[in-house]
Amino acid sequence: MKNKYTPIIGLEIHVELNTKSKMFCGCPANHFGVEPNTQVCPVCYGLPGALPIANEEAIRRTIKIGLALDAAIASHSKFDRKNYFYPDLPKGYQISQYDEPLCEGGEIDTSFGSVRLTRIHLEEDTAKIAHIKLTDEQKREAGVDNNQVSLIDFNRSGVPLVEIVTEADIHSAAQAREFAKKLVQILRYLDVSDCDMEKGALRLEANISVQTQAEAAAGQLPPYKVEIKNLNSFRFLERAINFEIDRHIQIRDKGKLPSQETRGWNDSQGYTYSQRSKEEAEDYRYFPDPDLPELKISAQMIETIAQELPSLPDQVKAQLITDYGLSDQNAEVLTSDRQVAEVGFQFLDQLKKQKLDIQAGVNALVNKKVVSWLLEPAVLVEKSEQEIQTEIVKTIEQIKSHYSFDKVAETDIDQVIKEVLSDKQLSTAVNSWRDGEDKIAGFLIGQVMHRIGKKVDAKIVANRLQQQR
Ligand SMILES: [Zn+2]
């Protein structure tokens with residue numbers, strides 16, 4: 001009954017920028033693995049009277065993302081206060097952007113169709129709450145009554161956060177996954193974020209509903225949507241969306257509507273669960289932040305940033321296919337990550353310089369016929385330029401020994417073939433082969449190669465053998 005309905009999906013993606021300092025103060029932005037509450041100041045804590053100053057580099061990076069995704073860049077923009085209270089936001093509002101985001105529009109192509117972007121805006125991340133169980137000793141030391149405590153780490157408070165919002169152009173979990181992967185790939189090429197989902201540097205949210213045929217015919221969107229929050233892997237995203245689509249269809253099949261709410265995803269159990277109802281739109285009482293001046297983005301600034309844009313994955317992939325004759329699949333592997341692509345080009349140039357078969361060399365690397373870390377982004381980041389060069393040389397040496405052959409004259413090969421074919425002990429096999437048993441050729445080729453005792457190309461042996469059949 002699935003085809004009675006069309007899934008309507010939009011995504012919201014939060015990306016922490018990898019700038020040196022935070023969005024509105026000078027504290028370091030990289031907070032992973034750092035002792036809690038050591039990278040903080042009155043601005044991070046939201047203390048009364050603390051004054052924010054906008055980080056220009058974060059603004060430039062947001063514009064860079066917008067340009068890479070074909071968005072329109074605003075010439076005038078501003079920061080607004082989004083008012084709500086939560087323990088990780090003690091000043092009672094988050095500095096975000098409301099009606100004048102830095103970027104509007106844009107799109108990303110997927111194999112299922114293009115997905116339009118609504119907007120890209122810049123805001124500050126909140127602090128982070130950890131729910132922890134204390135030992136009895138820790139409890140005494142802290143002077144609290146319960147073992148179960150909630151602690152707040154302000155190192156994350158004020159880290160620049162970009163929010164990318166799509167139109168509801170996505171119609172399957174697979175498309176959502178492809179879109180998210182492609183976006184992350186582009187962000188990594190731009191080097192604006194680490195996009196490490198395990199560390200929370202990239203967080204996915206999906207808005208889902210299913211549309212009936214009647215609604216589709218009338219050009220109407222479904223009268224509800226469900227938001228799934230904090231999906232921190234592509235696999236979670238895909239599984240949670242599929243779960244929701246099925247759940248909505250079951251409800252709508254009964255003539256009812258799923259409730260408008262925010263849900264979470266339990267991956268070990270494989271289901272979504274209700275977190276809070278969203279029957280009424282939240283009112284954040286946005287207003288322009290009086291502490292921050294309005295932003296004027298000059299055409300010249302946009303032009304300068306545009307010139308810094310690197311080649312993006314789709315362009316690099318096309319280049320690998322046309323310039324080096326790589327297969328679509330191999331080009332895809334080599335462009336999965338920006339550093340892999342950079343090293344990949346050096347590797348290809350070496351193959352070319354040494355007049356080696358480029359296709360065979362790339363196949364050997366991609367299909368792991370050689371031991372090499374050249375395609376592993378996590379290893380590459382740890383290595384120096386010198387170590388990478390050495391690895392390229394080592395990899396190519398392995399490929400050469402894998403594919404290179406000793407020089408053996410064809411007349412010598414013919415001589416050995418003659419010996420094998422006249423060997424009395426092999427006469428049964430040879431006769432069957434001559435009678436049309438093609439399968440036996442492999443056995444005979446093996447005999448020939450064994451007697452030659454050197455590395456010869458099996459294809460050449462097969463050819464010469466056929467001529468003596
Ligand atoms: Zn600070």
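**Overall fold and packing**

Mentor: This is a predicted model, and its protein chain has 17 helices and 17 strands.

Trainee: Is the chain a compact globule or more spread out?
Mentor: More spread out, because its radius of gyration is 30 Å, well over the 23 Å that the globule rule gives for 469 residues. Along the principal axes, the C-alpha atoms fill a box of roughly 95 × 60 × 60 Å.

Trainee: What share of the residues counts as buried?
Mentor: Of the 469 residues, 33% count as buried.

Trainee: And among contacts between residues at least 6 apart in sequence, what share joins residues at least 24 apart?
Mentor: That share is 71% in this chain.

Trainee: Okay, helices now. At what angle do α2 and α7 pack?
Mentor: Helix α2 (residues 56–68) and helix α7 (residues 299–308) pack at about 65°, and their axes are 10 Å apart. That angle makes α2 roughly perpendicular to α7. Their crossing is right-handed.

Trainee: Which residues meet there?
Mentor: From α2 you have Arg-60, Ile-63, Lys-64 and Leu-67, and they meet Ile-302, Ile-305 and Ala-306 of α7. By class, the residues of this contact are five nonpolar, no polar and two charged.

Trainee: What about α14 and α17, how do their axes cross?
Mentor: The axes of α14 (residues 410–422) and α17 (residues 458–467) come within 10 Å and cross at roughly 60°.

Trainee: So is α14 oblique or roughly perpendicular to α17?
Mentor: Oblique, because roughly perpendicular is kept for angles of 65 to 115 degrees. The crossing of α14 with α17 is right-handed.

Trainee: Switching topic: where does Met-197 sit?
Mentor: Met-197 is in the loop between α4 (173–190) and β12 (202–212).

Trainee: Why does Met-197 count as partly exposed?
Mentor: Because Met-197 has 18 C-beta neighbours inside 10 Å, and a buried residue needs 20 or more.

Trainee: What does Met-197 touch, leaving out residues up to four places away in sequence?
Mentor: Met-197 touches Leu-202, Asn-232 and Ser-233.

Notes: Residues are numbered from 1 along each chain as its sequence is written. This is a predicted model: local features need pLDDT of at least 70, side-chain atom pairs count only at pLDDT 80 or more; totals for chains, interfaces and linings use all residues. Helices (H or I, at least four residues) and strands (E, at least two) are DSSP runs, numbered from the N terminus. A residue is buried if 20 or more other C-beta atoms lie within 10 Å of its own, exposed if 12 or fewer, and partly exposed in between; C-beta atoms are placed from the backbone. Two residues are in contact if their C-beta atoms, placed from the backbone, lie within 7 Å. Axes are lines fitted to C-alpha atoms, for helices over the stretch in contact, and angles run from 0 to 180 degrees between N-to-C directions. Angles under 35 degrees count as roughly parallel, over 145 as roughly antiparallel, 65 to 115 as roughly perpendicular and the rest as oblique. A crossing is left-handed if the near helix is turned anticlockwise from the far one by less than a right angle, and right-handed if clockwise. The radius of gyration is taken over C-alpha atoms; the globule rule is 2.2 Å times the number of residues to the power 0.38. Ala, Val, Leu, Ile, Met, Phe, Trp, Tyr, Cys and Pro count as nonpolar, Asp, Glu, Lys and Arg as charged, and the others, Gly among them, as polar.
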